[in-house]
Amino acid sequence: MRVTSWFRQKGGPVFLAAFGVLACCLTVLPGQARAAGVNLTLSPLPVNLVTSPGSSVSTSLKVQNSGSEAVKLQVTLMKFKADSTNGQATLVPFKDGEEEKNWVTFSKTNFTAQPGVFNTVDMTINAPATAAFGYYYAVVFSQQGTDPTKPQSNKVNGAVASLILLDVQAPGEKREAQVTSFTATKKLYQYLPASFDVTVKNTGNVHVKPSGNIFVGRGVNGNFIDTLTINPGGGNILPGSSRTFNVEWDNGFPAYTVKKQNGQIVTDNVGKPVKTLNWNLSNLNHLRFGKYNASLTLVYNDGKRDVPVNGQVSFWVIPWLPILIILVLVLLALAGLWSMLRHTFGTDKRETARKRYSRRS
Amino acid sequence: MKKSMRMLSVAASAFVMLGGLLAWQGLAAAASLSNSYLRINRMATSTATSARLVFKTAGAGATSVSINMNGADSTTWTGASGLVNTTQTASSASCAADTGATALPGTLAASGAASTVTITGVTALAAATSYCVDLTSTSAVTTPTSAGEYHPVVTAGADNITVAVRVVTNDQIVVNAVVPPTFNFVLSGNTDNFTSNLSAGSVVKTTGVTATVNTNAKNGWLAWAKDANTGLTSTAAAKTIASVATGAPATLVAGTEGYAFGISSIAQGSGGGTTSAVAAYDASGSAHGSGLDATLRQIASSNGTANGAVLTLKAASAISGSTPAANDYTDTITVIGAGNF
């Protein structure tokens with residue numbers, strides 16, 4: 001109060017303007033001590049729940065304060081949807097009128113998490129008789145009661161979220177998926193890995209979890225060299241969205257591998273893993289050359305049976321650089337040999353001609 | 001006198017004969033091996049197994065060793081459907097170190113017949129010495145169908161001993177464990193200061209906070225961010241230095257107001273996944289990231305497990321010469337991490 005009146009008396013606005021013009025700077029002074037941050041561990045993830053209309057289902061979410069000091073946590077319910085461009089989860093708050101928010105109750109929504117202790121929060125979903133098919137919740141655990149925003153600094157809050165996939169099995173549920181794209185990322189690879197993108201669209205009304213294999217071989221049928229697994233982590237695809245699964249075939253000689261130093265992945269200046277060509281001679285029998293076919297067999301369960309989806313793509317592996325080097329070396333050797341022979345026999349011819357000339361003269 | 005002499009003679013004869021008999025008994029009778037055991041490497045009923053024999057000799061000179069699994073009593077191995085394989089392999093290469101006994105010497109060969117395994121090619125054994133040998137075939141013997149104690153007889157040369165072997169219904173303990181999927185998210189601090197006062201002459205960044213992720217989630221993980229003010233807000237100046245547009249990378253220009261948030265660097269750690277910043281929020285190059293607002297925007301993702309994946313998060317701001325001076329410009333950024341679905 002006294003500062004304010006002093007400020008007014010001394011012509012605060014003028015002083016402020018002068019400060020702004022002279023210093024042309026503002027706010028956020030450096031050097032403030034950092035707060036403690038947050039260290040949270042969440043399990044399990046994600047959570048798949050199944051129920052029927054008019055029934056309830058529960059799950060236990062466990063969150064641990066992995067830091068060294070007790071923290072107050074709050075539980076917030078959001079929903080998630082698949083991003084239209086990449087199929088990845090986007091967290092969004094519930095809108096007014098979205099009833100599924102009211103179906104959910106938690107055993108506690110505010111609690112103090114002691115260091116090193118897993119705290120169990122029971123989540124119960126009471127699906128009404130009108131509920132049907134897929135609902136996707138995100139339960140966010142965040143710090144509560146932290147220091148209010150301080151001037152001259154940015155405040156950064158941390159939180160963890162558990163994604164909950166609820167399947168309310170009702171008549172009319174449709175589990176359906178389509179492979180919209182199966183491609184090799186290149187038509188020609190110099191060295192492995194060869195990389196395949198399998199894009200699957202969920203055309204049903206509840207999430208699906210496709211799985212399957214890519215069989216790599218010379219021909220279309222049989223004689224497969226390798227079998228690759230699609231979606232080994234059991235990722236889901238939400239209704240109406242697509243998800244691309246990337247699968248790499250790296251069983252070759254030579255092959256690019258991620259460079260590691262002391263067990264840590266080496267990255268370039270933009271944070272991407274550095275890959276080096278690995279000439280592991282024990283893999284010499286895995287030299288890849290020529291045309292290969294990749295046959296896709298993807299399977300999803302439609303609720304009654306496994307439904308297979310097939311696809312096929314071909315690609316080439318030609319290690320053209322070493323071939324070019326070998327060709328150049330062979331050509332150089334041949335040129336050297338030819339030159340040597342020419343020199344040898346050419347000298348003889350010249351010698352013979354000189355002798356003939358001598359005899360004539 | 002004659003009678004006395006005759007009695008003495010008879011006594012002497014009896015003494016000599018008794019002594020001779022005792023001496024003969026001592027030479028010819030089999031002695032007992034000692035400190036002996038036969039360890040079958042699986043004790044469960046009806047299970048094929050290898051075995052280890054350890055015994056201590058009494059006398060010297062034995063050049064063969066045999067194990068009669070049936071033994072001498074009624075608890076017969078083969079009588080309870082136990083088996084002795086006809087094909088046997090014997091080795092003493094590794095037993096000495098384990099048992100402290102002497103490796104059975106010689107060029108060992110072994111064979112099985114009926115209830116007996118015989119090891120031949122043994123170099124003459126020394127007296128009072130512990131020896132060991134392994135019947136290395138995983139089906140050297142097959143345990144009987146009936147659990148109980150069996151008494152095989154081990155013979156080395158002329159010496160032997162009965163040992164006890166126990167066969168049980170189940171000899172294994174199955175250990176089960178669950179490693180639950182977990183997601184650990186560490187934010188290094190809750191306050192992030194600009195490295196200097198904002199100036200129209202330069203773009204100023206914050207010191208940065210790090211977000212470290214450790215997870216065994218095979219599907220990888222995601223991180224989102226939002227802010228409270230859609231910019232840097234000063235209450236005193238009633239001014240917000242607005243966030244640049246969301247969803248597209250921005251490079252701030254000194255002298256032009258702007259506020260952006262981005263990931264200035266990524267350390268991959270040692271997990272199986274590759275962490276990458278969403279293009280809009282990649283501030284590793286000349287760009288400063290993108291704008292934040294009240295909507296959670298995905299800023300990074302990984303396609304697999306993470307062990308010490310570290311994102312360095314920084315905000316950056318530029319002001320113009322007319323940006324009002326104030327010392328309370330601030331923003332609150334919330335960063336959320338989750339395992340992918």
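User: How many residues of chain A are in contact with residues of chain B?

Analyst: Two residues are in contact if their C-beta atoms, placed from the backbone, lie within 7 Å. Here 60 residues of chain A are in contact with 64 residues of chain B. The model is predicted: local features need pLDDT of at least 70 and side-chain atom pairs count only at pLDDT 80 or more, whereas totals for chains, interfaces and linings use all residues. Residues are numbered from 1 along each chain as its sequence is written, and chains are lettered from A and ligands numbered from 1 in the order in which they are written.

User: Which elements give two or more residues to the side of chain A that touches chain B?

Analyst: Elements are DSSP runs, numbered from the N terminus: helices are H or I with at least four residues, strands E with at least two. Those that give two or more residues to this side are α2 (12–23), β1 (25–26), β2 (38–43), β6 (89–92), β11 (154–168) and β20 (264–265) of chain A. The largest share, 11 residues, comes from β11(A).

User: How do the residues of that side divide into nonpolar, polar and charged?

Analyst: Ala, Val, Leu, Ile, Met, Phe, Trp, Tyr, Cys and Pro count as nonpolar, Asp, Glu, Lys and Arg as charged, and the others, Gly among them, as polar. The side of chain A that touches chain B has 31 nonpolar, 26 polar and three charged residues.

User: Which strand of chain B do bridges join to β11(A)?

Analyst: Strands of a sheet pair through backbone hydrogen bonds, either parallel or antiparallel. Two strands pair if DSSP finds at least two bridges between them. In this model, β11(A) is joined by two bridges to strand β18 (residues 191–192) of chain B, and the two run antiparallel. N154(A) has D192(B), in β18(B), as its bridge partner.

User: What is the strand order in the open sheet of three strands in chain B?

Analyst: The order is β2-β12-β5 (chain B), with antiparallel pairing. The edge strands, each pairing on one side only, are β2 (48–49) and β5 (83–84) of chain B. Two bridges link β5(B) to strand β12 (residues 141–142) of chain B, and V141(B) in β12(B) is the bridge partner of V84(B).

User: Which domains does the assignment give for chain A?

Analyst: Domain bounds come from an automatic or database domain assignment. For chain A the assignment gives domain 1 (40–147 + 157–168), domain 2 (177–252 + 288–318) and domain 3 (330–361). Between domain 1 of chain A and domain 3 of chain A, the C-alpha centres lie 89 Å apart.
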